[in-house]
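Want to learn how to read a protein model, one feature at a time?

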Amino acid sequence: MEERNVGAREAARTADEPNAPGAGAVIRCAWAGSDPLYQAYHDREWGVPVHDDRVLFEFLTLEGAQAGLSWITILRKREAYRAAFAGFDPEAVARFDENKVAALLANPGIVRNRLKVESTITNARAFLKVQEEFGSFAAYQWGFVDGRPLRNGWGSIKEVPPSTPQSDALSRDLKRRGFRFVGTTICYAHMQAVGMVNDHTVDCFRWRELQEEESWRVR
């Protein structure tokens, strides 16, 4: 489990960190820490509802790449992944062959793990089949939460589970469809990232913002 799946562990806060409580401080989820890249990801992307298929494929790919590693490692490699995997275009990735796999395994900008590289190609092909069946991957994926974000109200990241019945169901169905690196913990982290669930803690400034944005959209 990685640190954004916030039931895992609580990042330490210190008085001199931007994430620490204090007069005029911006209060974030504890896992955001003090790294500017991590904070920017937390503030601008994590938990924002995503309905763009290419972005969903990007996050699914990055979550699989992250397995066993830290998310900040993947964030730092994100642009290299974007270049290596055709801007996360699933149609292009689905056409990758053994020569392309060999080139990817020689690319120091990404995680050079054969199983993860090959799973991305396998997942791209499965992704296209889901699009064909449902019209879009977003329509398929969001069906697991009835089309709207689940709204939680956690007081501490210690309260957040590593998986839920919804992530269990998504994981089972993705595996049935041939996807790889889609265990329930990875699926729940994916759901958190793409806004299928608002798992910011209630003291975090983004929790209320996302609640208000969603309320505005559904009126």
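What follows is a dialogue about a predicted model.

Q: Let's start with helix packing. At what angle do α2 and α3 pack, and how far apart are their axes?
A: For a pair of helices, look at the angle and the spacing. Here α2 covers residues 53-66 and α3 covers residues 71-84. They pack at about 130°, and their axes are 10 Å apart. Angles over 145 degrees would count as roughly antiparallel and 65 to 115 as roughly perpendicular, so α2 and α3 are oblique to each other.

Q: Is the crossing of α2 and α3 left-handed or right-handed?
A: The crossing of these two helices is right-handed.

Q: Which residues of α2 and α3 meet?
A: From α2, you have Glu 58, Phe 59, Leu 62, Glu 63, Ala 65 and Gln 66. On the α3 side they meet Trp 71, Ile 74, Arg 78, Tyr 81 and Arg 82. Sorted by class, this contact has six nonpolar, four charged and one polar residue.

Q: Now cysteines. How many disulfides does the count come to?
A: First, the general idea: a disulfide is a covalent bond between the sulfur atoms of two cysteines. In this model, the count comes to zero.

Q: Is Trp 142 buried or exposed?
A: Buried means under 20% relative accessible area. Trp 142, which is found in helix α7 (residues 137-142), has 4% relative accessibility, so it counts as buried.

Q: What does Trp 142 touch?
A: Leave out residues up to four places away in sequence, and its contacts include Pro 49, Val 50, His 51, Pro 149 and Met 196. Take Met 196: Trp 142 is 54 residues from Met 196 in sequence, yet their C-alpha atoms are 7.0 Å apart in space.

Q: One more helix. How many residues of α9 are buried?
A: In α9 (residues 184-193), eight of the ten are buried, so the helix is mostly covered. Among them are Ile 186, Cys 187, Tyr 188 and Met 191. The cover includes α1, α2, α7, α8 and β2.

Q: Which residue just after α9 takes a positive phi?
A: That's Gly 195, with a phi of about 80°.

Conventions:
Residues are numbered from 1 along each chain as its sequence is written. This is a predicted model: local features need pLDDT of at least 70, side-chain atom pairs count only at pLDDT 80 or more; totals for chains, interfaces and linings use all residues. Side-chain values use heavy atoms; hydrogens and water are left out. Axes are lines fitted to C-alpha atoms, for helices over the stretch in contact, and angles run from 0 to 180 degrees between N-to-C directions. Helices (H or I, at least four residues) and strands (E, at least two) are DSSP runs, numbered from the N terminus. Angles under 35 degrees count as roughly parallel, over 145 as roughly antiparallel, 65 to 115 as roughly perpendicular and the rest as oblique. A crossing is left-handed if the near helix is turned anticlockwise from the far one by less than a right angle, and right-handed if clockwise. Contact means heavy atoms within 4.5 Å. Ala, Val, Leu, Ile, Met, Phe, Trp, Tyr, Cys and Pro count as nonpolar, Asp, Glu, Lys and Arg as charged, and the others, Gly among them, as polar. A disulfide is a pair of cysteine sulfur atoms within 2.5 Å. Buried means under 20% relative accessible area, exposed over 50%, partly exposed in between (1.4 Å probe, protein chains only).
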